[in-house]
Amino acid sequence: MSQSHHAQSSHVSQFKLLAQRRFAPFFWTQFLGAFNDNLFKTALIVVLTFDAASWTTLSPSMVTNLIPGLFILPYVLFSATSGQIAEKFEKSALVRFVKWAEIAIMGIAALGWMTHTLWLLVLAVFAMGTHSTLFGPVKYSYMPQQLKAEELTGGNGMVEMGTFVGILLGQVFGDVLVMHGGMGIPVVAAGTVGFAVLGLLASYQIPVTPASAPDLRISWNPLMETVRNLKYSSGNRTVFLSMLGNSWFWFYGAMVLAQFPVYAMNDLKGDHSVFVLLLTVFSLGIGVGSLLCEKLSGRKVEIGLVPFGSIGLTLFGIDLYFASRGYGAPAAGTVDALGMLAQPGSWRILFDVVMIGVFGGFFIVPLFALIQLRCDPRHLSRTIAGMNILNALFMVAAAGVAILLLGQGLTIPELFLATAIMNGLVAVYIFSLVPEFLMRFLAWLLIHTVHKVKVIEPGRIPEEGAAVLVCNHVSYVDAVVIMAASPRPIRFVMDHRIFKTPVLGWIFRTGKAIPIAPAKEDPWLLEKAYVDIAHALHEGELVCIFPEGRLTTTGEINEFKGGIAKIVERSHVPVIPMALRGLWGHLLSRSKDNVFERAFRKGLRSRLALAVGQPVAPHAATPERLQQEVLALRGEWK
């Protein structure tokens with residue numbers, strides 16, 4: 001990838017993607033699909049809840065659980081097959097096929113609406129679930145083929161926002177149309193066919209996106225393929241735990257969202273518009289959180305946001321319980337949305353619901369982007385299909401757990417509290433299994449609270465393949481600043497003594513840093529460090545060393561030692577010089593100035609920069625040449 005291309009692409013905002021053919025038609029196709037699904041489903045649920053007698057003898061509560069269940073069932077049955085189909089065929093043609101199918105399904109539904117035939121509508125629900133099952137793997141494997149790595153977070157943020165806004169508008173329109181009697185049903189029947197046609201028209205603009213595994217032989221046994229799929233995914237630990245994290249979010253969302261209709265009616269003493277209000281603020285929260293991910297992650301896949309999202313989901317879930325207890329429900333009768341806003345404590349409830357949505361966005365978008373980035377591209381659609389199966393199972397489990405807990409006499413606010421506490425426990429478990437999440441979170445927190453870091457030419461850090469990064473050594477937080485700026489994990493070579501310090505020692509051990517010691521102190525550890533470095537580079541990892549071998553005591557760059565030459569001689573990889581600016585005088589540097597004076601002079605949000613240089617070929621990477629490069633990159637600003 002050329003340099004100018006990189007510099008230019010790193011400034012493309014996620015909203016600019018909406019003006020580009022590689023993203024916009026795909027975005028509108030999936031938005032219209034989510035909207036239409038929910039317009040149809042909600043209209044049907046509302047009709048069967050409020051006008052059940054003229055359609056069926058089943059009870060309304062049976063019907064409201066049956067329809068979402070029928071919609072989810074194809075995810076369990078057909079995801080494994082649809083993942084293979086998405087892998088084998090060209091993606092734009094596949095999307096058009098799915099959209100033609102949607103027009104046919106909505107045509108069958110329209111017939112059901114107009115002839116008052118329930119079984120045709122139920123068949124259409126199952127068929128729409130199948131349509132969504134086919135589209136899911138294409139949707140998430142299309143993006144890594146058309147977007148660059150630094151655009152993935154923004155692209156996923158846009159798609160998540162579009163999906164949730166589509167779901168929300170579909171639910172609101174479906175609700176409003178059929179609640180308005182007479183003409184409502186014909187309008188829904190015609191409208192769903194019309195929106196399917198619009199989706200098809202948008203899909204004809206999607207650019208050709210080649211099949212990732214055209215030679216794949218499709219296995220039509222869904223059970224065997226599902227097992228094989230999940231087994232394959234579990235081989236890549238980070239990807240598999242990200243899939244589980246994603247499914248956990250759907251469990252949490254299903255637990256909370258499914259309670260909204262009854263919560264609005266019984267706990268908030270509200271009418272139907274209060275339910276719509278709760279749904280609206282939640283969906284807007286998810287949309288805002290999804291869009292903020294790009295800004296907060298500095299245009300790279302920042303998994304440090306996942307623990308941040310998790311903390312928010314727990315805290316605001318707990319507060320929703322206390323806010324519900326503090327709500328001043330009207331003494332008699334029900335209130336509409338405006339009336340509810342006038343009740344004491346209502347704004348706190350809405351704030352909690354919106355924040356659960358925002359932090360949900362922080363949680364889910366980086367997980368999607370991480371799966372897309374770290375998964376083998378030839379297996380991505382099948383991995384997404386495996387995740388859809390897990391999501392469906394987790395949502396079914398959520399319904400079961402909710403029924404069980406409510407049956408034990410829990411109130412809905414107590415159910416919110418139980419879900420938030422469960423989320424906290426699951427988060428602790430996941431982050432103990434993959435400490436990389438927590439480590440990135442600590443690095444992200446440091447860089448976004450204490451410091452303001454500008455990275456100059458971040459695109460020069462290679463997106464894949466082995467390389468050695470060399471940098472000047474100014475303070476004890478140098479490695480954390482570099483780690484937060486890099487889109488990839490880095491193996492740091494650190495003085496063995498740093499591993500004995502409480503917090504930093506844990507961070508570097510967790511990050512698989514390589515301990516090193518001077519030859520006269522521990523020759524065995526020194527030799528082991530060189531072997532570990534060669535092994536890491538052989539595996540295609542990034543390794544970062546500080547060739548000065550110690551922190552500067554003057555602010556100037558010390559002489560680079562010969563270790564770098566030995567490393568490059570063993571492993572012929574490019575060396576990327578980098579320079580830290582603005583850290584001299586930091587509280588954790590070896591500046592002789594008064595400690596308090598240093599703390600206040602730098603102040604909060606002190607400005608730092610990390611300048612990344614052009615790669616140096618292995619044969620030219622002498623200690624002297626690299627020292628000159630780093631000095632030139634640092635300039636006058638220490």
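Rings of Phe, Tyr and Trp (its six-membered ring) are taken to pair if their centres lie within 6.5 Å, with planes under 30 degrees apart counted as stacked, over 60 as edge-to-face and the rest as tilted. Ring pairs of this kind join Phe 23, Phe 26, Phe 27, Trp 28, Phe 31 and Tyr 142 into a cluster. The model is predicted, so local features need pLDDT of at least 70 and side-chain atom pairs count only at pLDDT 80 or more, whereas totals for chains, interfaces and linings use all residues. Residues are numbered from 1 along each chain as its sequence is written, and side-chain values use heavy atoms, with hydrogens and water left out.

The count comes to 23 aromatic pairs. In one of them, the ring centres of Phe 78 and Phe 126 are 6.2 Å apart and the planes stand at 75°, so the pair is edge-to-face. Phe 78 belongs to helix α3 (residues 60-88) and Phe 126 to helix α5 (residues 118-146), so the pair ties together parts 48 residues apart in sequence. Helices are DSSP runs of H or I with at least four residues, numbered from the N terminus. Phe 78, at 31% relative accessibility, is partly exposed, as is Phe 126 at 24%; buried denotes under 20% relative accessible area, exposed over 50%, and partly exposed in between (1.4 Å probe, protein chains only).

Tyr 263 and Phe 416 also form an edge-to-face pair, at 5.1 Å centre to centre and 75° between the planes. Tyr 263 is buried at 0% relative accessibility, and Phe 416 is buried at 3%.

Terms used. Helix = DSSP H or I, 4+ residues; strand = E, 2+ residues; numbered from the N terminus.
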